[in-house]
Amino acid sequence: MTRDEAQRLVQAFMKSLGQASEGLNPQGFGGAAVGNAQLYFEYHADKQTLETSALIYKFRDAPKPGVLEGFRAEEKSGTDTGGGAVDYETENNSLFLSRTYASVPSEAAFREDMKRLTQASLVWSDEVMDRVASRVFKR
């Protein structure tokens, strides 16, 4: 996927939400609020891929031992990820469900993928977060 293709895809998605957007900024990043969900886009020029990430939780500090493992265990157990994968970004202490595109999907398929991803992230930030915290911290 070229940067221009990624740019057009993100712009079309944003337009479908009724939000005017440049799509990706010059550094290859973009974002959107989709209802109560937060969605981020990052174009990776070296791999020619578009990464889409729906926020689950932003930690103030690095997560306590066992927390990330608890989320990965949920993913392995089959908890719906909306087509994404658990992804922890150390540079911003944030946990996401992320999905990467190497080829350009149709705009309709991308909209549906983003809908599934954001819906799943809301479940993960609420129900899954509670389950993981209960197990890790034995509440």
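1. A search of the whole structure, which is a predicted model, finds eight aromatic pairs. One of these is formed by Y57 and F59, whose ring centres lie 4.8 Å apart with 75° between the planes, an edge-to-face arrangement. The two partners may also be described by their accessibility. Y57 is partly exposed, since its relative accessible area is 34%, whereas F59, at 12%, counts as buried because the limit for that class is under 20%.

2. A further pair joins Y101 and F110. The centres of these rings are 5.3 Å apart and the planes meet at 65°, so this pair is likewise edge-to-face, the class for planes over 60 degrees apart. Y101 is buried at 7% relative accessibility, and F110 is buried as well, with a value of 1%. Y101 and F110 also belong to a cluster, linked by ring pairs, that includes F13 and F41.

3. The sheet deserves a separate point. It is open and has five strands, in the order β1-β2-β3-β5-β4, with antiparallel pairing. Its edges are formed by β1 (29-34) and β4 (85-89), each of which pairs on one side only. From one strand to the next, the twist averages 30°.

4. Within this sheet, β2 (residues 37-44) and β3 (residues 49-58) run antiparallel and are joined by six bridges. For Y40, the bridge partner in β3 is S53. In general, the strands of a sheet pair through backbone hydrogen bonds, in either a parallel or an antiparallel manner.

5. Helix α2 (residues 67-76) lies across β3, β4 and β5 (94-101). Relative to β4, helix α2 runs at about 160°.

6. The last point concerns S121, in helix α3 (residues 107-137). Is this serine, S121, buried or exposed? With a relative accessible area of 0%, S121 is buried, as the class requires a value under 20%. Leaving aside residues up to four places away in sequence, S121 touches A37, A54, L55, I56 and L97.

Methods
Residues numbered from 1 in each chain as written. Predicted model: local features only at pLDDT ≥ 70, side-chain atom pairs only at ≥ 80, totals over all residues. Heavy atoms only, no water. Helix = DSSP H or I, 4+ residues; strand = E, 2+ residues; numbered from the N terminus. Buried < 20%, exposed > 50% of the residue type's maximum accessible area, 1.4 Å probe, protein only. Contact = heavy atoms within 4.5 Å. Pairing = 2+ DSSP bridges. Axes fitted to C-alpha atoms, helices over the stretch in contact; angles between N-to-C directions. Phe/Tyr/Trp six-rings, centres within 6.5 Å; stacked < 30°, edge-to-face > 60°.
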